[in-house]
Amino acid sequence: MAQAMMKKIAMSSACVVVGITRRTSSRSLSAGCKNLSASRKENILPSEGEVTKSVFMSQSTDIYTNLALEDWMYRNMDFSNHHVMMVWRNEPCVVIGRHQNPWMEANIPLLAEREIDLARRNSGGGTVYHDRGNLNITFFTPKERYNRKYNLELIQRALYRGFGVKTTLNERQDIIVRDKYKVSGTAAKLGRLTGYHHCTLLVNANKADLSKALAKRDTNATASTPSPVANLRDMDNRVTVDSLQTAVGYEYLRTPALHLADGGQDLIAKQRGFQFVNPTDDWFPGLDEIKNELKTWDWNYGRTPVFTVSRSFPVPAELLAPSRVYSATQELVINMTVEKGLINDVTLSIPPGLVDSGFHGEASVVTHLKGKRFTSEALSALQEAMLTRHLTSDPKKLDDKEQFVAKCFDQVVNTI
């Protein structure tokens, strides 16, 4: 739908719609990148009338590719006289902020089970769920002309102009409908020369999957602030990802670069229009290197701030010493400190009832867990540690008490 509308308008010369070729993209998008710092050394920016705009439409639906494209543009392009709005969408994934804890923000076992990607972005902000029912938008400008409010109000104008949907901004600068429901979250990154602001718009996202994917565990880390959400399609069934992309794109092109006003078709005709971009290493040299880094465990999990986890587990009566009576509930308590995604410290408090029944080996367990990833790798290390203590019993099989301890560790690592 959006492509048909753009083709129709292009033929009437109201705007230029560019299907960038590989050769054109590598030349035009890289132009001026090598001398970015030099061109901005004097910090002189062109007047508003000298700034043109483009809407870049990513042809990828892979989260790591789109985040890499965003970062490539941030690092390499000069936006002094050319502002860019990039629109993109992804297959199902969870995206966390640069300083967030994935184990706290997402249901990691569910993501693994359903093969849903988890990605850490370079900007701050909270955790979001993406699927093909989301429209993601990134606004690129020079740092001095970064204006989050301008961008958000532009989106609000597009929603009202295109669909009659009225929205407000809350104190966190989320876009809200019906005074309560969040349809867009926002985050940003500001560098020495360039700034970008990006947001996601819920159009027809799977809210059930969103809720399951963002289920949280209890730790001492700082969490995202949950909000009730709604899809824009619930406000008006004419809203689709394609129609919204078109509406916001034209609103962007018809709006002057530095203030909110309607320049109409005359301003649209002066812009660079909609441009399909193919985020590959051929088009954007060095993109694959950025993407490969964004896919690593060290980036997505190893950048997590220090956090602690504490869980208590009642010991089943059949595992306690049968000849003893205990006045208090016998609980196994596990405390872990995790740093850079690795187990840094472990405290295993074994209740007397479990000791009396023959379970020992806290020191060996702790020693084997330190330095292991806070994943099933830790469980494997635990099982190996307990098996190495076997002298006369089966060296390849855990006894009932050891299986209970292993199950408790599994719940600490793999459940929320």
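Select Val95 and Val128 to begin: Val95 stands opposite Val128 in strand S6. The model is predicted, local features need pLDDT of at least 70, side-chain atom pairs count only at pLDDT 80 or more, and totals for chains, interfaces and linings use all residues. Residues are numbered from 1 along each chain as its sequence is written, and side-chain values use heavy atoms, with hydrogens and water left out.

Next, display residues 93–96, which form strand S4; three bridges join S4 to S6, and the two run antiparallel. Helices (H or I, at least four residues) and strands (E, at least two) are DSSP runs, numbered from the N terminus. Two strands pair if DSSP finds at least two bridges between them.

Axes are lines fitted to C-alpha atoms, for helices over the stretch in contact, and angles run from 0 to 180 degrees between N-to-C directions. Contact means heavy atoms within 4.5 Å.

**Gln275**

Move to strand S12 (residues 273–277), where Gln275 is placed. Is Gln275 buried or exposed? Gln275 counts as buried because its relative accessibility is 9%; buried means under 20% relative accessible area, exposed over 50% and partly exposed in between (1.4 Å probe, protein chains only).

Show the side chains of Gln275 and Ser54, which make a polar contact at 3.0 Å. The Gln275 side chain also reaches the backbone oxygen of Arg272 at 3.4 Å. A polar contact is a pair of N or O atoms within 3.5 Å; within protein, one must be able to donate a hydrogen and the other to accept it, and residues adjacent in sequence count only if both atoms are side-chain atoms. Select Phe56 as well: its C-alpha atom is separated by 4.9 Å from that of Gln275, although the two residues are 219 residues apart along the chain.

**Helices H7 and H10**

Finally, select helix H7 (residues 148–163) and helix H10 (residues 241–253), whose axes come within 9 Å and cross at roughly 120 degrees. Among the residues that meet here are Leu154 and Phe163 in H7, and Leu244 and Tyr252 in H10.
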